[in-house]
Amino acid sequence: MQMKLSQVAVSFQQKEVLKSVSAEFRGGELVAVIGPNGTGKTTLIKAIAKLNTYQGNIDIVDEQGKKVDKSQIAYVPQTSSMQTDLSVFEMVLLGRVKDLSWKVESVHLEAVADILEKLGLEALSLQAFSKLSGGQKQMVIMAQALVSNPKVLLLDEPTSALDLKHQLQVLEIAKQYCTETQGITVIVLHDLALAARYSDEMILLNEGYAVKKGKPEAVLDIKLLEKAYQVEVDVSTNSSGFMTVTPVKPSKAVG
Ligand SMILES: Nc1ncnc2c1ncn2[C@@H]1O[C@H](COP(=O)(O)OP(=O)(O)OP(=O)(O)O)[C@@H](O)[C@H]1O
């Protein structure tokens with residue numbers, strides 16, 4: 001499987017927000033998109049999900065060389081403001097909507113039960129989605145995406161509302177999804193340490209440009225980060241062997 005972005009650009013009201021992003025990813029890869037606020041990260045993954053119109057090309061083909069279409073791409077937004085009386089179980093079942101008929105087959109019910117168990121959400125199964133906490137909603141939307149068996153999984157800041165345990169759980173599951181299905185996951189993350197730990201490839205976006213692509217060690221370069229985030233940073237490896245990025249103070253030097 002392969003995803004190729006060629007000179008992808010997105011404009012809103014004549015303002016170019018994403019400017020000529022090119023990159024290539026292979027099946028099984030977890031890709032982290034990082035960069036300052038408002039720099040085009042969500043815009044990029046929404047273009048991949050075909051939720052934004054874009055210029056350039058985004059070509060995704062599966063192992064047989066067959067084009068991957070929109071229905072095989074799952075996009076999990078930053079927050080879900082959805083008001084619904086559906087239960088958690090029903091919300092996750094909606095992830096299977098393209099395969100559902102009037103009679104819901106047991107294979108779909110089992111898939112929903114499996115994913116709820118995997119994410120530790122069984123106890124919430126019958127609760128109303130709208131009554132969940134922000135973090136619980138984030139986990140349920142992730143479950144809904146996974147149950148659809150996507151070829152491409154796009155997660156927009158999936159850990160932003162989660163506690164430490166659930167942050168690790170969501171990223172472990174995304175990683176496992178990549179390994180087991182050989183699909184491609186693209187995750188927008190602000191936590192650079194988590195991004196480095198879980199990603200195979202990283203893209204640093206700044207002002208709509210992909211200023212660096214590559215392995216986490218190459219992208220988490222002090223000079224690049226200082227320039228993009230305009231903050232002095234310390235990049236080191238902690239006692240567990242994981243890279244950490246510590247913001248020190250806002251930098252005066254710009255450009
Ligand atoms: N639908 C839209 N119409 C107009 N402008 C938009 C739209 N969506 C995004 N933008 C603008 O595009 C720019 C990039 O937004 P985007 O959400 O991609 O940034 P981001 O890097 O994901 O930011 P953050 O880290 O804050 O979530 C912002 O200036 C934003 O205001």
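Start with the shell around the ligand: helix H1 (residues 41–48) supplies the largest share of it, 3 residues. Helices here are DSSP runs of H or I with at least four residues, strands are runs of E with at least two, and both are numbered from the N terminus. Keep in mind that this is a predicted model, where local features need pLDDT of at least 70 and side-chain atom pairs count only at pLDDT 80 or more, while totals for chains, interfaces and linings use all residues. Residues are numbered from 1 along each chain as its sequence is written.

Who else sits around the ligand? The surrounding residues are Phe12, Val17, Gly35, Asn37, Gly38, Thr39, Gly40, Lys41, Thr42 and Thr43; a residue counts as near if its C-beta atom, placed from the backbone, lies within 6 Å of the molecule. By class, the shell has 2 nonpolar, 7 polar and 1 charged residues. Here Ala, Val, Leu, Ile, Met, Phe, Trp, Tyr, Cys and Pro count as nonpolar, Asp, Glu, Lys and Arg as charged, and the others, Gly among them, as polar.

H1 itself is mostly covered, with 8 of its 8 residues buried. "Buried" means that 20 or more other C-beta atoms lie within 10 Å of a residue's own, "exposed" means 12 or fewer, and "partly exposed" is in between, with C-beta atoms placed from the backbone. The buried set in H1 is Lys41, Thr42, Thr43, Leu44, Ile45, Lys46, Ala47 and Ile48. After H1 comes lysine 50, with a positive phi near 65°.

Most residues other than glycine have a negative phi.

Now step back to the overall layout. The protein is divided into domain 1 (1–68 + 151–229) and domain 2 (83–147), with bounds that come from an automatic or database domain assignment. Taken over C-alpha atoms, the centres of domain 1 and domain 2 are 25 Å apart. Where they meet, 9 residues of domain 1 are in contact with 9 residues of domain 2; contact means C-beta atoms, placed from the backbone, within 7 Å. On the domain 1 side, H5 gives the most, with 4 residues. That side has 7 nonpolar, 1 polar and 1 charged residues.

The largest nonpolar core has 72 residues. Such a core is a set of buried Ala, Val, Leu, Ile, Met, Phe, Trp, Tyr and Cys residues joined through C-beta atoms within 7 Å. The ones with the most contacts inside this core are Val33, Val92, Val140, Ala143, Leu154, Ala174 and Ile187. Helix H4 (residues 134–147) gives the most to this core, with 8 residues. Both domain 1 and domain 2 give residues to the core, so it lies between them. For a closer look, pick alanine 174: leaving out residues up to four places away in sequence, it touches Leu30, Leu153, Leu155, Thr185 and Ile187.

H4 is mostly covered, with 11 of its 14 residues buried. Those buried residues pack against strand E5 (73–76), helix H2 (88–93), H3, strand E6 (152–156) and helix H5 (164–181). Just after H4, asparagine 149 takes a positive phi of about 50°.

Finish with two loop residues. Leucine 126 is in the loop between helix H3 (106–118) and H4. With 10 other C-beta atoms within 10 Å, leucine 126 is exposed. It touches Ser87 and Phe89, not counting residues up to four places away in sequence. Glutamine 83 lies in the loop between E5 and H2, and with 7 C-beta neighbours inside 10 Å it counts as exposed. Its C-alpha atom is 5.8 Å from that of serine 130, 47 residues apart along the chain.

Notes
Two residues are in contact if their C-beta atoms, placed from the backbone, lie within 7 Å.
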